[in-house]
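Dear colleague,

I am passing on the structure we spoke about, with the sequence alongside, and my notes follow below. Please keep in mind while reading that it is a predicted model.

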Amino acid sequence: MGAGKSKLDNCPLSWHRRRSEDADQDCHESEAKNSKDLSLHGLVEHSNRTEQRMEEQWGAEAKGELPEEEAEEEVFLKFVILHAQDDIDEALRVQNLLQNDFGIRPGMIFAEMPCGRLHLQNLDDAVNGSAWTILLLTENFLRDTWCNFQFYTSLMNSVNRQHKYNSVIPMRPLNSPLPRERTPLALQTINALEEESRGFSTQVERIFQESVYERQQAIWKEARNVMRAQFVA
């Protein structure tokens, strides 16, 4: 699923800047604690609830019962940045870099996903509602249990879905990049974006090709139409 249109246009900063500081801190601290406590059994339960909720949403959308805000046309994103909780500012900087300097838009960081929704639903929406998944490899990334789950899930999704092949992009930003020797083996096999590299601009242009985006967008739209048709029937 894509991101709701116009929600980010009014205020491009993340959710922690749209709400009061205290409310946001409580929300994200709760998310961080919940993510670290997720057991295998808990993940299964979350997944089941996510599927049920998504089915209910598709059914409501097919019947025209969604609130006006949720019924707006959804947008298939160019990229989503998965990041550690402590790296929100760095993720926003990279988002602005790609959008403003390279014209790769629209994009989103994971902190901009709706607060209060299930972790797995947000992750599914982020990964499958965008053409590329950027993993922000910093010192904080591997300290976060939820980030570890995110990158394994993203890699499995790219393997299991043919059109998602090569859609996971590890990136070492300028600030506090994760050293190569400490990078998980699964990610060492993928050519990472290196912001400090002289060839960074060339890497970006080679990876984020419009033809790839359009192909994935078409598949995403077709899947949504099929799902809607099933519920209408």
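Val80 stands opposite Thr133 in β5, and the two strands concerned, β3 (residues 77–82) and β5 (residues 130–136), pair in the parallel sense over 5 bridges. Helix α10 (residues 210–232) packs on the sheet, where it touches both β3 and β5, and its direction makes about 115 degrees with that of β5. The sheet itself is open and built from 5 strands with parallel pairing, in the order β4-β3-β5-β6-β7; its edges are β4 (107–109) and β7 (193–194), each of which pairs on one side only.

Turning to the aromatic residues, a search of the whole structure finds 8 aromatic pairs. One of these joins Phe76 and Trp220 in a tilted arrangement, 5.2 Å centre to centre with 35 degrees between the planes. Because Phe76 lies in the loop between β2 (74–75) and β3 while Trp220 belongs to helix α10, this pair ties together parts that are 144 residues apart in sequence. Both Phe76 and Trp220 are buried, and together with Tyr213 they form one aromatic cluster. The charged end of Lys78 sits over the ring of Tyr213, 4.9 Å from its centre.

A further pair is that of Phe141 and Phe151, which counts as tilted because the ring centres are 6.4 Å apart and the planes are at 35 degrees. Phe141 is in the loop between β5 and α7 (145–160), and Phe151 is in helix α7, 10 residues apart. Phe141 counts as buried at 0% relative accessibility, and Phe151 counts as buried at 0% relative accessibility too.

How values were computed:
Residues numbered from 1 in each chain as written. Predicted model: local features only at pLDDT ≥ 70, side-chain atom pairs only at ≥ 80, totals over all residues. Heavy atoms only, no water. Pairing = 2+ DSSP bridges. Helix = DSSP H or I, 4+ residues; strand = E, 2+ residues; numbered from the N terminus. Contact = heavy atoms within 4.5 Å. Axes fitted to C-alpha atoms, helices over the stretch in contact; angles between N-to-C directions. Phe/Tyr/Trp six-rings, centres within 6.5 Å; stacked < 30°, edge-to-face > 60°. Buried < 20%, exposed > 50% of the residue type's maximum accessible area, 1.4 Å probe, protein only. Lys NZ or Arg CZ within 6 Å of the ring centre and 35° of its normal.
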